[in-house]
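Please look over the sequence and the 3D structure below, and then follow the paragraphs that come after them.

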Amino acid sequence: MTTKHTSIKDHEIESLIQQEIQREETTINLIASENYASTEVLKVLGSVLTNKYAEGYPGKRYYAGCTIVDHVEKLAIERCKKLFGADHINVQPHSGSQANMAVYMTALKPDDTVLGMGLAEGGHMTHGHPKNFSSIYYNAIQYGVDRETEQLNYNAIAELAHKHKPKLIIAGASAYSRSIDFAQFAKIAKEVGAFFLADIAHIAGLVAAGFHPSPIEYADFVTSTTHKTLRGPRGGLTMCKNSYAADLDKAVMPGIQGGPFMHVIAAKAVCFLEALQPSFKEYQQQIIANAKAMAHAFQDLGYRIVSGGTDNHLFIVDVRSKNITGRQAEHALEKAGITVSRSCIPFDSQKPWVTSGIRIGTPAITTRGMKEKEVIEIAQLIDDVLAYAEDEKYLEKIRRKILDFCKRYLLYQ
Ligand SMILES: *Cc1c(COP(=O)(O)O)cnc(C)c1O
């Protein structure tokens, strides 16, 4: 593991890592999909487990010398089962996208119809974006949110399902601040004879801690990342009912992947153990409390929050009232030392590259120890930046304030 105190001999890479440590330490990260992995997770990621080829599964490998890594993978699966209570878990997907691709491979044939949430409405590319495999190799139909409520409209989704008869319905989002009713999705899927995939990439930590209803009992398949609210290494995982277990495992390997990343699987095991601790519940509760407090602070400052608020770790701020686009807001905030993602608002008149909103998430700053008082302060700073987005001098002044602020919340001592 490289931290401030260890150094690697490749000076070019060492210097870039030190710069990145510095960037993390001196900026406020509000990117909803990011987090800071624990020192334990980082250590394990840098371990010799990266050396081992282990195609196959524990006890059935295509390589010799896998006895030890078999224990690693079994431990990861066992801990993940305790966390989510799934029948079967595959911890090998390299990322959330691959976790989803494995489900497509298990449940569908090319050209089958899938129904997922559109990217501009808050969904993920792998849920049927035109340029993604999910739309290139499958017939993707997209649902969005209701124009009035800016929330999921289960009647409208049911209508689309009955009209298009998908083989797979996907629930889950990257930019949706409300709880998702997985039971409703399961009911719709059942009505039309579709498989149901719940993609909890963003909310996995909340689900594990019991602050978002779990889809496990309702969904045929559940996929996730391990690096967002779950706060583990970059990676994915796929869970399913026992009846799909053998097909799912074949879809992951040899279907879409070769050798599993054993160092990452070990780091996933560490992350699951961390998530099983009582302190993880407190952490997730604080993430949500911070998101709510911050969304309220923005409302008090005169901003419109998409759907009127948040139930989870993120929310979308409509920045049109400041006569600024999401892209301009993102750039001005980056200059001031605050990282956010520009984000479409429902029925956005701006292109997805430009947008009219910013997505704000609290997992990373909560890891750093910030609470309600601090997030309200940050909302105020963001408001200042958006009001003076063109004023470089003013942005520099805010930048200095942020630097001072960050000194109170060091990540790497
Ligand atoms: C982040 C995300 C993914 C995929 O994650 P990668 O690891 O970047 O491939 C999948 N689904 C949703 C809803 C996500 O937010």
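A residue counts as near a molecule if one of its heavy atoms lies within 4 Å of it. With that in mind, 13 residues surround the ligand, and the closest are Gly 96, Ser 97, Ser 174, Asp 199 and Lys 228. This is a predicted model, in which local features need pLDDT of at least 70 and side-chain atom pairs count only at pLDDT 80 or more, while totals for chains, interfaces and linings use all residues. Residues are numbered from 1 along each chain as its sequence is written, and side-chain values use heavy atoms, with hydrogens and water left out.

Helix H4, residues 96-107, gives the largest share of the shell around the ligand, namely three residues (a helix is a DSSP run of H or I with at least four residues, a strand one of E with at least two, both numbered from the N terminus). A backbone N or O atom of Gly 96 lies 2.9 Å from an oxygen atom of the ligand. For the side chain of Ser 174, an N or O atom is 2.8 Å from a ligand oxygen atom, and for the side chain of Lys 228 the corresponding distance to a ligand oxygen atom is 2.8 Å.

Another place to look is Arg 61, which is found in strand S3, residues 60-61. Arg 61 is buried, with a relative accessible area of 14%, where buried means under 20% with a 1.4 Å probe and protein chains only. Its side chain makes polar contacts (here, pairs of N or O atoms within 3.5 Å, one able to donate a hydrogen and the other to accept it) with the side chain of Asp 70 at 2.7 Å and with that of Glu 73 at 2.8 Å.

Methods:
Buried means under 20% relative accessible area, exposed over 50%, partly exposed in between (1.4 Å probe, protein chains only).
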